[in-house]
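These are my notebook entries on one structure.

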Amino acid sequence: MGVHMSEPRPASTRNELGAAGSAGIRGAERPSSSGLPTTSSSPKLSAPKFSWSNSTLGMALLGGLFYWLALPPLSWWPLAWLAPAAWTPIVTRRNLDGRRPYLKLWLAGYLFWSAAVYWITLPHWSAAIGWFFMAGYLGCYFPAFVLVSRLAVHRLRVPAQVAMPVAWVAMELVRAHLFTGFLMAALGHTQYGWMSLIQVSDLVGAYGVSFVVMLVGVSFALVVPSSNDARRWRWWRFAPAAFVLVAAVAYGRGRLAVVEQSTVDVPPSPRIALIQGTLDTQFGLSMDEFRDMKLRTYDEYLRLSLDVVAEHPGVGLIVWPESMYRTPLVTYHGLDRPPPHLRADDPEYLRENIYDTARRVGAPLLLALNAEDYHADRTEWRSASVQVTFDELTNEPRIAARYDKMHPVIFGEYVPLGDVFPWLYDLTPIEGGLTPGERAVAIEVDAGADTPPLLVAPNICFESVVPHLIRRQILELREQQREPDVLITQTNDGWFWGSAGLDMHLVCDVFRAVEFRKPLLTAANTGISAWIDDTGRIVEQLPRRTPGTIVAMPRRSTLESPYLDGGDWFATTCLVASGLCLGVGLLKWRREDAGDGGRRLDEDRAKNA
């Protein structure tokens, strides 16, 4: 959707108040049949003074500021409820001030996202290119939200309390899917600490929380009298929002009470250790510096793992974050000879290094590493998670399962059009794009004699940012009679140097735990590693950029998840409704515009007759 388009409205309204600027105003506003202002002859008036409350750009920036302050790193979550209140006048006023109002709205969106995801620039100078384009792309959602909302309000007479929350949820759903999906910093994410409210996510996903925040903010704005309105506060307009908010919180309290009062016996869970090191991602290292970094990383994670085994004998699984086992897993697939830069015995040699690590630790491992699969006609580079267990008869280590990351990160693990124009990778520190995995995997963690094993589904990096991906993986495993009891995120957030990106990632994990009613464990390099239960409560977390371990015993959930079964029906309904408002609203605008043009032509003919 272009950002240079002006708001569609009847031609008779093109000389509107505020549009004439220093040239003065040629007519006073009067309501038209379309509900938008038109002009009538009147004495010449002086130009109105500038007011931020009447400024499209000013109110857009103010709402964006509230939104940004409610997100990490500040997390002043109450301000999130004021952001929609600041945006409501942009939607409800009959005309937007000045020229190119939607370009101004895009600029406000661009500035917000530039500040919200600034941490993308930290790993390498070239990441600033991706940051520029990403903020520009994400900035388009705000003018699209305003356009759909205004068409619904002014053309179709839909109340703003309905139009704006529906349009906002529709934009978040599109953002979660388009260009592989990115749902960090959703409006509802600002409320992750309000346990009673976020429980509604197991019905409609995090989109439901965004809907409630938007509804309450819009309703509050409609209660407050405008500056040129002498009427009193119209509290009755807040009634629908109050009802929805109270209902959502009451539902959440009920779900939490079920957990607290549950008497259902569940099998005991094994202990799972999460390892967090402190390696910040760096590029441009010399070969000696790179080798030294690999050794320091291995030594740190090995030491922390040995400490866990010493303090907690019998631990069921030790989890290393993404890419922290620095030696690749190499596999040849039907090759007559090895690649020129490798030897024939390299796959076995590198696997033996993995097995040697398991022997030294003396416990099952879940290692996230790079995998290189060599075929006769191609080479596949993958980000993988491998489970290393011990054979019951020989007690020798073996790779029991492997999961390949299914959702590469745009600009971090692949460049758009990089397959068509390989030279694009020369502008980045990325050697080549990752090949996505094809299937979900559930690994078994021994829980002791006479106890069913704990089924654990790993995901890697930003996969937990995309709710429909995690849902699809769980449903795929359910069909195989291997629905996981616990989700594990292995991520290397050392790319972001302790910034707010770590917090935003953790918030996504909180919502995934609530949505699917699965405990979620996060092993994150540089942080934030955490143990999250099935209600979204953070049981334990480690400080950022601080080495440490968490030994979790995640309880198997007894809660059902309607969202897991039903999916994004609510957000999809909002998207369909927004699409209808867009199509019907534009069609009605074109017809009204054509009608106004015909009437003006008849008037001109009558004058000349």
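This is a predicted model: local features need pLDDT of at least 70, side-chain atom pairs count only at pLDDT 80 or more; totals for chains, interfaces and linings use all residues.

Residues are numbered from 1 along each chain as its sequence is written, and side-chain values use heavy atoms, without hydrogens and water.

**Helix pair.** I looked up helix H4 (residues 127–139) and helix H5 (residues 141–155), whose axes are 5 Å apart at an angle of about 5°. Helices here are DSSP runs (H or I, at least four residues), numbered from the N terminus. Axes are lines fitted to C-alpha atoms over the stretch in contact, and angles run from 0 to 180 degrees between N-to-C directions. H4 and H5 are therefore roughly parallel (an angle under 35 degrees). Tyr137, Leu138 and Gly139 of H4 meet Tyr141, Phe142 and Pro143 of H5, where contact means heavy atoms within 4.5 Å.

**Aromatic pairs.** Rings of Phe, Tyr and Trp (its six-membered ring) pair if their centres lie within 6.5 Å; planes under 30 degrees apart count as stacked, over 60 as edge-to-face and the rest as tilted. I recorded a count of 27 aromatic pairs. Trp87 and Trp168 are stacked, at 5.3 Å centre to centre and 20° between the planes. Trp87 lies in helix H2 and Trp168 in helix H6, so this pair ties together parts 81 residues apart in sequence. Both Trp87 and Trp168 are buried (under 20% relative accessible area, 1.4 Å probe, protein chains only). I also found Trp87 and Trp168 in one aromatic cluster, whose members include Tyr67 and Phe112.

Terms used:
Helices (H or I, at least four residues) and strands (E, at least two) are DSSP runs, numbered from the N terminus. Angles under 35 degrees count as roughly parallel, over 145 as roughly antiparallel, 65 to 115 as roughly perpendicular and the rest as oblique. Buried means under 20% relative accessible area, exposed over 50%, partly exposed in between (1.4 Å probe, protein chains only).
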